[in-house]
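Here is a short briefing to read with the model open beside you.

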Amino acid sequence: MPTLIESNEHKSLREAVAAFAQTHPHTTNAEDNTRLWQAAAKLGYIGVNLPEAYGGGGAGITELSLVLEELGAAGNPLLMMIVSPAICGTVIARFGTEEQKREWLPPLADGTRLMAFGITEPDAGSNSHRITTTARRDAATGDWILTGRKVFVSGVDIADATLIVGRTEDARTGKLKPCLFIVPRDAPGFERRAIDMELNAVERQFELTLDDVRLPADALIGDEDAGLLQLFAGLNPERVMTAAFGIGMGRYALSRALEYARERTVWKTPIGAHQAIAHPLAQAHIDLELARLMMQKAAHLYDAGDDVGAGEAANMAKYAAGEACVKAVDQAVHTLGGNGLTREFGLARLITASRVARIAPVSREMILNYVSHQTLGLPKSY
């Protein structure tokens, strides 16, 4: 079970990542982002959650979320950490064949290869049960043929492959069931289109089209009949890591506001001495700390193998972190006043970026729905 006090190993890891992150300036372009990713991977941070037998650190989502939080707190949150090692790496490590593990886990751990993750569709949104991307078998060759569309897929342009959530038909019942497939970036019929986002982020968002994409039989991850279990094995870490993403961003914004509030003097008094400034910043800190506790609980439960308990805690952590992040960024910008909107102080870009923690990978409203009927036992409205 998780403890409220971090172990010495976790404290040391946190300090090491923080020191590393401070030596790298804020990444504003793809080249800087790639260099930061590779440097972090060289130190073992990117693959800290992956099995040692395949080049990883042999730790868990607890440690990976700690790494992402500290990178974010220094102003360099690596969004693809949520996707490549946390979702894709975890799914392959837990359910992949020996061949898939040997092919993908070592390069994911050392940062030489990345994977994207495609689940959201234009007409499905939060309702993953309505996914229409389908996979059918070619009876003559045994190949899979995928057809469908995905939207808001991060980093497809820099990923070597995308883990696509599709649906296969149960021969016995005729019902469609979810399955996961590794789709190489250069697969014929696999096309991407960049979405024109106002979000100021290095990682770009894409719409994907799969037009009869032919894949070998071994592109399927794990067991065709266990697709739902495998899917949620990746979604729980995604929620934990999104919480870490939000907490780190909130901590960064808060640190900039505190620095300003200590130094900015009006009427011979630092503005941080005034309770109208100090109290909202203190509240933002409290909210971030509370969100971190739930995130740590969720990560510990997941690493302990409690997928059900981790699902509940991960959703709550993601909700709490999203709210705390948005409030911390808003208060930080407000503390700086006009300076909070200048490029020099770098907070204005976070106004949009902080919304990501609220919206993705699942909206706060859907989390409230989950807690309402899964935790509290209330009837579903949908």
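This is a predicted model: local features need pLDDT of at least 70, side-chain atom pairs count only at pLDDT 80 or more; totals for chains, interfaces and linings use all residues.

A residue is called buried when its relative accessible area is under 20%, exposed when it is over 50%, and partly exposed in between, using a 1.4 Å probe and protein chains only. Residues are numbered from 1 along each chain as its sequence is written, and side-chain values use heavy atoms, with hydrogens and water left out.

**Around Ser354**

- Ser354 sits in the loop between α9 and α10 (356–359); helices (H or I, at least four residues) and strands (E, at least two) are DSSP runs, numbered from the N terminus.
- A polar atom of the Ser354 side chain lies 3.1 Å from the backbone oxygen of Ile351.
- Setting aside neighbours within four places in sequence, Ser354 is in contact (heavy atoms within 4.5 Å) with Met249, Cys325, Val326 and Val329.

**Salt bridges**

- The structure contains 22 salt bridges, each defined as a side-chain nitrogen of Lys or Arg within 4 Å of a carboxyl oxygen of Asp or Glu.
- One of them joins the side chains of Glu70 and Arg14, at 2.6 Å from N to O. Glu70 belongs to helix α3 (residues 61–73) and Arg14 to helix α1 (residues 8–22), so this pair ties together parts that are 56 residues apart in sequence. Both Glu70 and Arg14 are buried.
- Asp157 and Arg204 form another salt bridge, with their closest N and O atoms 3.8 Å apart. This pair links distant parts of the chain, 47 residues apart: Asp157 is in the loop between β3 (144–154) and β4 (161–169), and Arg204 is in the loop between β6 (190–194) and β7 (205–215). Asp157 is partly exposed at 22% relative accessibility, and Arg204 is partly exposed at 44%.
- Arg292 and Glu289 also meet through their side chains in a salt bridge, at 3.5 Å from N to O. These two residues are 3 apart in helix α7 (residues 275–303), so about one helical turn separates them. Arg292 is buried at 14% relative accessibility, whereas Glu289 is partly exposed at 30%.
- Salt bridges with shared partners connect Glu6, Arg14, Glu69, Glu70, Arg251, Glu289 and Arg292 into one network.

**Enclosed space**

- How many cavities of 30 Å³ or more does a search of the whole structure find? The search finds 1. A cavity is a set of points, on a 1 Å grid over the protein atoms alone, where a 1.4 Å probe fits but cannot get out.
- The largest cavity holds about 40 Å³ of space, the volume being the space filled by probe spheres set on the points, with grid points joined across faces, edges and corners.
- Its lining consists of Gly72, Gly75, Pro77, Met249, Tyr252, Arg349 and Leu350, where a lining residue has an atom within 4 Å of a point.
- Helices α6 (227–263) and α9 (348–353) each supply at least two residues of that lining.
- The lining divides into 4 nonpolar, 2 polar and 1 charged residues; Ala, Val, Leu, Ile, Met, Phe, Trp, Tyr, Cys and Pro count as nonpolar, Asp, Glu, Lys and Arg as charged, and the others, Gly among them, as polar.

Definitions and conventions. On a 1 Å grid over the protein atoms alone, a cavity is a set of points where a 1.4 Å probe fits but cannot get out, and a pocket is an open set with protein on both sides within 12 Å along at least five of seven lines; lining residues have an atom within 4 Å of a point. A polar contact is a pair of N or O atoms within 3.5 Å; within protein, one must be able to donate a hydrogen and the other to accept it, and residues adjacent in sequence count only if both atoms are side-chain atoms.
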